[in-house]
Amino acid sequence: MMGSKSHSSKSSSPPSSFVYFRCIPILTVLVLSLTYLFLLFVPLRHVPRGSSSRLDETQFEGDLRDVMFPWNRLCFGPTFEKLKIAAFSKTWPIGAGPGGMERHAATLYRSLAQRGHKIHVFTVPSDRKPHGDIHEGNLHVYFAANDHGSVNCSLAFEIFNGVNADGAFDYVHTESVSLPHWRAKNVPNVAVTWHGIWYEIMHSKIFQELLSDPKGVLPGSVNELQEAVPRLLDEIRFFPSYTQHICISKSAADVLVRIYQLPPRDVHVILNGVDESRFIPDTESGIHFREKHRIPRNATIVLGVAGRLVQDKGHPLLYEAFASLSWRHPGVFLLVAGSGPWARRYSELGPSVRVLGPLEPSELSGFYNAIDVFVNPTLRPQGLDLTIIEAMHCGKPVLAPNYPSISGTVVLNEGLGYTFSPNVKSFVEALESVVRDGPEKLKGKGMACKEHALGLFTATKMASAYERFFLCLKNPRYCQYPLQSDC
Ligand SMILES: *[C@@H]1O[C@H](CO)[C@@H](O)[C@H](O)[C@H]1NC(C)=O
Ligand SMILES: *[C@@H]1O[C@H](CO)[C@@H](O)[C@H](O)[C@H]1NC(C)=O
């Protein structure tokens with residue numbers, strides 16, 4: 001009211017000074033309507049330009065099946081309808097171990113069971129040893145192993161049919177090809193979550209080939225790359241055996257539509273999430289972890305890497321890049337968590353590297369809190385690495401290769417970390433910018449990472465997206481967004 005008064009009097013004074021008395025009513029109407037129009041558009045001008053695409057996503061209204069951005073962006077309310085879901089997973093985690101598809105599967109199915117859905121998982125123990133089935137409330141895990149310790153599909157289906165006869169499953173979910181396509185073809189209502197597709201693996205093989213044989217002189221080494229192409233073609237041919245497809249990155253969904261030619265309505269993006277209560281910024285535990293592993297107080301930057309220490313996770317690349325960096329910046333330290341053949345090579349790098357071995361789950365949060373930046377040198381541009389997300393939840397920026405799956409979903413911009421091409425030169429340049437930025441700037445980026453992770457990568461957001469997805473497949477009413485109960 002106050003604003004409109006002052007605006008109308010201001011703008012009406014110049015014209016009224018040189019027109020006749022009679023025109024004044026018309027002018028007043030004109031000025032008032034101009035003011036009204038002006039006020040109508042004022043709110044629009046306050047929308048910051050940079051965030052407009054994000055606003056579009058969270059303010060989405062319509063059919064969820066048409067959404068091409070991550071469902072995690074939306075906020076789904078509670079539901080009273082309960083589902084009965086069968087899930088096929090390659091393994092089920094026994095004991096600790098960083099990352100891995102099995103840990104993701106366990107997090108998802110536990111959350112869905114806690115939400116009151118009946119979840120029946122058909123799988124084998126990750127340690128390949130005999131274990132009894134698990135029945136925890138609504139969660140039922142059946143181990144159906146063959147002699148080699150992998151899933152015996154016939155046996156799994158015998159159990160599946162028994163449970164199905166007891167009350168039909170609403171939907172079947174498989175983690176990648178845990179339920180093979182020739183079986184999936186005969187099961188109606190199968191949704192698959194792709195944790196890595198051959199199109200991405202082909203990319204990965206190209207990088208590995210260039211890295212292991214830069215001059216192209218080693219005989220026969222391109223075989224693996226040549227084998228990737230028929231595998232890719234095979235995938236494109238069999239993917240339609242699955243009814244619905246979930247990708248864990250925007251870039252993979254894009255490939256499924258453009259290269260695999262699946263109908264966009266059957267392709268969805270649900271990002272992986274981790275337990276946001278387990279991974280939180282905690283300065284104390286970080287200091288404690290540094291002391292325990294004798295990191296000197298005058299260390300300039302502490303880098304951390306975690307996971308299986310094998311070649312295709314990019315350890316040859318980090319080994320070489322860090323050797324070069326450490327020579328110029330002796331105050332930079334590297335913490336290496338995990339096990340594998342590269343553990344011994346890292347210990348050759350001298351006192352600025354601490355090889356920690358595999359960490360207990362209780363130590364993992366301390367590890368992330370002890371570092372200034374999390375490094376993921378992977379040569380496998382597949383999906384989302386859980387370790388990156390865990391580090392972000394602990395408020396740490398990340399340094400990772402510039403694969404579409406990473407720069408399109410995780411490290412969206414420089415404010416969240418650093419990206420590089422998977423070669424030593426580019427990696428060293430990125431490490432040099434980390435050192436140049438220093439711990440204070442890294443802390444600022446870490447805060448942005450925490451916020452980004454809370455907005456997308458939480459177990460709660462992931463579980464509620466999957467819940468809504470299965471509800472929508474059972475009853476199209478749930479495909480509408482937002483519902484009255486949504487937030
Ligand atoms: C898989 O399970 C079926 C059915 O129980 C059994 O007959 C078969 O021998 C098993 N195969 C292997 C390789 O363990
Ligand atoms: C840190 O302190 C140690 C001795 O306490 C010294 O040898 C080393 O050069 C110092 N490093 C840096 C980066 O200042």
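Trainee: How many helices and strands does the chain have?
Mentor: The secondary structure comes to 17 helices and 16 strands. Keep in mind that this is a predicted model.

Trainee: What share of the residues counts as buried?
Mentor: Of the 487 residues, 40% count as buried.

Trainee: And how much of the contact count comes from residues 24 or more positions apart?
Mentor: Among contacts with a separation of 6 or more, such pairs account for 68%.

Trainee: On to sheets. What is the strand order in the open sheet of eight strands?
Mentor: The order is β4-β5-β3-β2-β6-β7-β8-β9. Pairing in this sheet is mixed.

Trainee: Which strands sit at the edges there?
Mentor: β4 (134-136) and β9 (267-269), each pairing on one side only. From one strand to the next, the twist averages 20 degrees.

Trainee: How do β3 and β5 run, parallel or antiparallel?
Mentor: Parallel. Five bridges join β3 (residues 118-123) to β5 (residues 139-143).

Trainee: Which strands does α4 lie across?
Mentor: Helix α4 (residues 101-114) lies across β2 (84-88), β3, β5 and β6 (171-175). It runs at about 160 degrees to β3.

Trainee: What about α17, which strands does that helix lie across?
Mentor: α17 (residues 459-474) lies across β2, β6, β7 (190-194), β8 (244-247) and β9. Its angle to β6 is about 140 degrees.

Trainee: Now the sheet of six strands. What is its order?
Mentor: β12-β11-β10-β13-β14-β15, an open sheet with parallel pairing.

Trainee: Why is one side of β12 and of β15 left without a neighbour in the sheet?
Mentor: β12 (353-357) and β15 (417-420) stand at the edges, and each has a single partner strand, so one side has no neighbour in the sheet. Direction ignored, neighbouring strands here are turned by 25 degrees against each other on average.

Trainee: How many bridges link β10 and β11?
Mentor: Six, in the parallel sense, between β10 (residues 301-306) and β11 (residues 332-337). For one of the partners, look at Val-302: its bridge partner in β11 is Phe-333.

Trainee: Which strands does α16 touch?
Mentor: α16 (residues 424-456) packs on this sheet and touches β10, β11, β13 (373-375), β14 (398-401) and β15. The helix direction makes about 155 degrees with that of β15.

Trainee: Helix pairs next. At what angle do α7 and α8 pack?
Mentor: About 170 degrees, with the axes 9 Å apart. That is for α7 (residues 198-212) and α8 (residues 223-238). The two helices are therefore roughly antiparallel.

Trainee: Which residues make that contact?
Mentor: From α7, they include Trp-198, Ile-201, Met-202 and Glu-209. From α8, they include Leu-225, Val-229, Arg-231 and Leu-232. By class, the contact has nine nonpolar, no polar and five charged residues.

Trainee: And how are α10 and α13 placed, parallel or perpendicular?
Mentor: Roughly perpendicular. α10 (residues 283-292) and α13 (residues 361-370) pack at about 90 degrees, with axes 7 Å apart. Among the residues that meet are His-288 and Phe-289 in α10, and Phe-367 and Asn-369 in α13. This contact divides into three nonpolar, seven polar and one charged.

Trainee: Switching to ligands. Which residues are around ligand 1?
Mentor: Asn-146, Asp-147, Asn-152, Ser-154, Leu-155 and Glu-158. That shell has one nonpolar, three polar and two charged residues.

Trainee: And which surround ligand 2?
Mentor: Pro-296, Asn-298, Thr-300, Pro-330 and Gly-331. Here the classes are two nonpolar, three polar and no charged.

Trainee: What is phi for Ser-176?
Mentor: Near 50 degrees, a positive value in a residue other than glycine. Ser-176 is found in the loop between β6 and α6 (181-184).

Trainee: And where does Gln-261 lie?
Mentor: In the loop between α9 (250-258) and β9. Phi of Gln-261 is near 60 degrees, also a positive value.

Note on methods. Residues are numbered from 1 along each chain as its sequence is written. Chains are lettered from A and ligands numbered from 1 in the order in which they are written. This is a predicted model: local features need pLDDT of at least 70, side-chain atom pairs count only at pLDDT 80 or more; totals for chains, interfaces and linings use all residues. A residue is near a molecule or strand if its C-beta atom, placed from the backbone, lies within 6 Å of it. Ala, Val, Leu, Ile, Met, Phe, Trp, Tyr, Cys and Pro count as nonpolar, Asp, Glu, Lys and Arg as charged, and the others, Gly among them, as polar. Axes are lines fitted to C-alpha atoms, for helices over the stretch in contact, and angles run from 0 to 180 degrees between N-to-C directions. Helices (H or I, at least four residues) and strands (E, at least two) are DSSP runs, numbered from the N terminus. Angles under 35 degrees count as roughly parallel, over 145 as roughly antiparallel, 65 to 115 as roughly perpendicular and the rest as oblique. Two residues are in contact if their C-beta atoms, placed from the backbone, lie within 7 Å. Two strands pair if DSSP finds at least two bridges between them. A residue is buried if 20 or more other C-beta atoms lie within 10 Å of its own, exposed if 12 or fewer, and partly exposed in between; C-beta atoms are placed from the backbone.
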